[in-house]
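Let's take a walk through a protein model, one part at a time. Have the structure open and follow along.

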Amino acid sequence: MQGRIHSIETLAAVDGPGLRMAIFLQGCPQRCIYCHNPDTWNPTGGELMDSEEIVKKAIRYKPYFKNIGGVTVSGGEPFMQTEFVTELLKGLKRENIHTAVDTSGYYLNDSVKKALEYADLVLLDVKHAEAEKFSEITKAEYERISKFLEYMRETGKSVWIRQVIVPDYTDGDEQMEKLMELLKGVNVERVDLLPYHTLGVDKWKELKMPYALEGVKPPDNDTMKRLNKIVKQYYPQNREND
Ligand code: SF4
């Protein structure tokens, strides 16, 4: 089955455990104000590739994955192409390759649930724990992320939480405490706080789209340390990004 691929990174070290092949799928409905890959948004862009072609590529990299690495299907929002993701994950599991899906939790229906059965790990980008701020950051309804988290609670799926730390949005102690509250009952293996960065700003300019966070600077080290300390109170084993 064919899917629209934005890009493939071989041997990435930041998209899940170990060394991984990261497949970035085309298409995303979230429209986050800090998105550093707005060129993934258009669902008709990218290059058509067959799921088996990607599985074959992953097999070649298997020696590098060792015991903990594998393949991460990311985006964009991968579940904009759920059928393709299911085929891809199924093929990877057939070859005994560890699978992760990096999602924003935007979609949750029977097909997504089916696809998730073939994912060993979910990387979930929560955006914001409060409804009001959530819809300032994205074009999605908060209900979507709360439903997705509820499903994670029900299934006990292993989850790595990711949250981008954006000054004035997610960098307060109170916001971090709210996020920790929201995660209660979810099988959280790790919480990654990712400092907001401006590397994608030029892409917004190229696409002639106004950038809402113009002039906003990345959070400083002290802020990141302070927030990671709160996370450690809830998840003492949590490792800061490496
Ligand atoms: S969910 Fe990810 S790809 Fe989609 S707009 Fe947000 S940051 Fe960009």
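Around the ligand you'll find Cys28, Gln30, Arg31, Cys32, Cys35, Thr40, Trp41, Gly76, Ser104 and Lys127; a residue counts as near the ligand if one of its heavy atoms lies within 4 Å of it. Sorted by class, this shell holds 4 nonpolar, 4 polar and 2 charged residues. In that sorting, Ala, Val, Leu, Ile, Met, Phe, Trp, Tyr, Cys and Pro are nonpolar, Asp, Glu, Lys and Arg are charged, and the others, Gly among them, are polar. The ligand takes up the space of the largest pocket. A pocket here is an open set of points on a 1 Å grid over the protein atoms alone, where a 1.4 Å probe fits, with protein on both sides within 12 Å along at least five of seven lines. A molecule sits in a pocket if more than half of its atoms lie within 2 Å of the pocket's grid points.

Before going on, some ground rules: this is a predicted model, so to speak of local features pLDDT must be at least 70, side-chain atom pairs count only at pLDDT 80 or more, and totals for chains, interfaces and linings use all residues. Residues are numbered from 1 along each chain as its sequence is written, and side-chain values use heavy atoms, leaving out hydrogens and water.

Arg31 sits in the loop between E2 and E3. Helices (H or I, at least four residues) and strands (E, at least two) are DSSP runs, numbered from the N terminus. The phi of Arg31 is near 55°, a positive value in a residue other than glycine. Gly76 is in the loop between strand E4 (70–74) and helix H2 (82–94), and the peptide bond leading from Gly75 to Gly76 is cis, with omega near 10°.

Away from that shell list, Lys66 also has a positive phi, about 50°, although it is not a glycine. Look for Lys66 in the loop between helix H1 (51–65) and E4.

Now for the strands. Which way do E5 and E6 run when they pair? Strand E5 (residues 98–103) and E6 run parallel, joined by 4 bridges; two strands pair if DSSP finds at least two bridges between them. Thr103 has Leu124 in E6 as its bridge partner. Between these strands, the chain crosses from E5 through helix H3 (residues 110–116) to E6, and this β-α-β crossover is right-handed. That means that, with the strands pointing away from you, the path from the first strand over the helix to the second runs clockwise.

E6 also pairs with strand E7 (residues 159–165), again in the parallel sense, over 4 bridges. Here Leu123 has Trp160 in E7 as its bridge partner.

Is E6 itself enclosed or open? Strand E6 (residues 121–125) has 5 of its 5 residues buried, so it is largely enclosed by the rest of the structure. Buried means under 20% relative accessible area, exposed means over 50%, and partly exposed is in between (1.4 Å probe, protein chains only). In a regular strand the side chains alternate between the two faces of the sheet. In E6, Leu121, Leu123 and Asp125 point one way, while Val122 and Leu124 point the other way.

E1 is a strand with antiparallel partners. Strand E1 (residues 2–12) is joined to strand E3 (residues 47–50) by 4 antiparallel bridges, and Gln2 has Asp50 in E3 as its bridge partner. E1 also pairs with strand E2 (residues 20–25), antiparallel over 5 bridges, where Ser7 stands opposite Phe24.

Here is how a few residues come out for accessibility.

| Residue | Relative accessibility | Class |
|---|---|---|
| Met176 | 0% | buried |
| Ala22 | 0% | buried |
| Gly172 | 18% | buried |
| Met209 | 26% | partly exposed |
| Arg31 | 33% | partly exposed |
| Lys66 | 68% | exposed |

Where do these sit? Met176 is in helix H6 (residues 173–182), and Gly172 is in the loop between E7 and H6. Ala22 belongs to strand E2. Met209 lies in the loop between helix H7 (201–206) and helix H8 (221–234).

Gly172 and Thr223 are 51 residues apart in sequence and 8.6 Å apart in space. Met176 and Glu117, 59 residues apart in sequence, are separated by 30 Å.

Notes:
1 Å grid on protein atoms, 1.4 Å probe; cavity = no way out; pocket = protein on both sides within 12 Å on 5 of 7 lines; lining within 4 Å.
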